[in-house]
Amino acid sequence: MSERTVGFIGLGIMGVPMATNLVRAGFDVVVWARSAAPVDELVAAGARAAGDVAGVFEAAETVILMLRDEPAVDAVLSRGTPAFAALVADRTVVQMGTFTTAFSRALADDVARAGGRYVEAPVSGSRGPAVDGALVAMLAGDDDAVAEVEPLIDLMCGARFRCGDVPAALATKLAVNSFLITMVTGLAETFHIAERTGVDPDVLRAVLDAGPMASVVSRGKAAKLREGDLSPQAAIADVRKNARLVEDAAVATGTSHPLSRASRELYDEAVAAGLGADDMIGVISALRARTERIADAAGDPD
């Protein structure tokens, strides 16, 4: 058993398996969440439950945050109140969510002023890699602080890369997300075109799996489509949020982003259709709906 106590806040689709991997490695992991179910799951695996956020920070010098959005981070840390400094002073805060670079830079400054240390550590991957400890981490921050948390990162991730100063890790993550989102959206479009043109989907899947474009992501998402399994590895609502972050970063820097914009619009439509909890490959439903609208407008009975 490691003598090091680690706090973990943010027990969602990704956070639960990530924290579980730390517990299994022998770390004393202290967790907190607003919902009881994920806390109970972690406690059953060997973690300890804190009664509140302050209890996590009191117990652990390093606290990992894997929260959904920026307001959640601010709320958990009581940012903007005197309680913020009391929480983060003499602590290392490891922020693993995907947010704007401006938010992360400002949070890093606030943590430093309060006497704490901040590491930016977004990850690439979904629930499957999180369970397997095969996520890819991008790290930014003070070299000593990054070195302190790398042993923890290695237990949750299969690879890690130092990106430089905050917010370089998040800038890298947004670039990676641009590729991931447009790739999966393109895969959904591929299968949608196949449906409309009478292509055997199993033959299509075999061809894609055998070719140079095949990847863990393409194989996994194609399998989910063929099996009708839309249980979320990366939920449509979360992907839409990330797509918007990519697009906002592109707009802020004057970068052309036609593929990112087109993908984001499809995820918007999927969320509006009530599909936000489905896996991201379920965006194919937005493509089908568009096709139906085109057919209706053209008076096409098919």
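Predicted model: local features only at pLDDT ≥ 70, side-chain atom pairs only at ≥ 80, totals over all residues.
Now switch to a C-alpha trace. Along the principal axes, these atoms fill a box of roughly 65 × 40 × 35 Å. The radius of gyration is 21 Å, which agrees with a compact globule, because 302 residues packed that way would come out near 19 Å.

Time to go inside. Of the 302 residues, 46% are buried. Select Phe8, Met18, Met96, Ile153 and Met156: these have the most contacts inside the largest nonpolar core, a set of 34 residues. To see where the core comes from, color strands S1 (5-9), S2 (28-32) and S8 (135-141) along with helices H1 (15-24), H2 (36-45) and H8 (143-156); each supplies at least two of its residues. H8 gives the most, with 6 residues.

Stay here and center on Met156. Which residues does Met156 touch, leaving aside those up to four places away in sequence? Show Phe8, Met18, Leu22, Ile64, Met96, Gly133, Ala134 and Leu135, and you have them.

Then move to Val63, Leu67, Ala72 and Val73, which are among the 26 residues of a second, separate core.

For a last stop, select the charged side chains. There are 28 positive and 41 negative charges in the chain, and their mean positions lie 1 Å apart.

Key:
Residues numbered from 1 in each chain as written. Heavy atoms only, no water. Core = buried A, V, L, I, M, F, W, Y, C linked by side-chain atoms within 4.5 Å. Buried < 20%, exposed > 50% of the residue type's maximum accessible area, 1.4 Å probe, protein only. Helix = DSSP H or I, 4+ residues; strand = E, 2+ residues; numbered from the N terminus. Contact = heavy atoms within 4.5 Å. Rg over C-alpha atoms; globule rule 2.2 N^0.38 Å. Lys, Arg positive; Asp, Glu negative; His and termini not counted. Charge placed at Lys NZ, Arg CZ, Asp CG, Glu CD.
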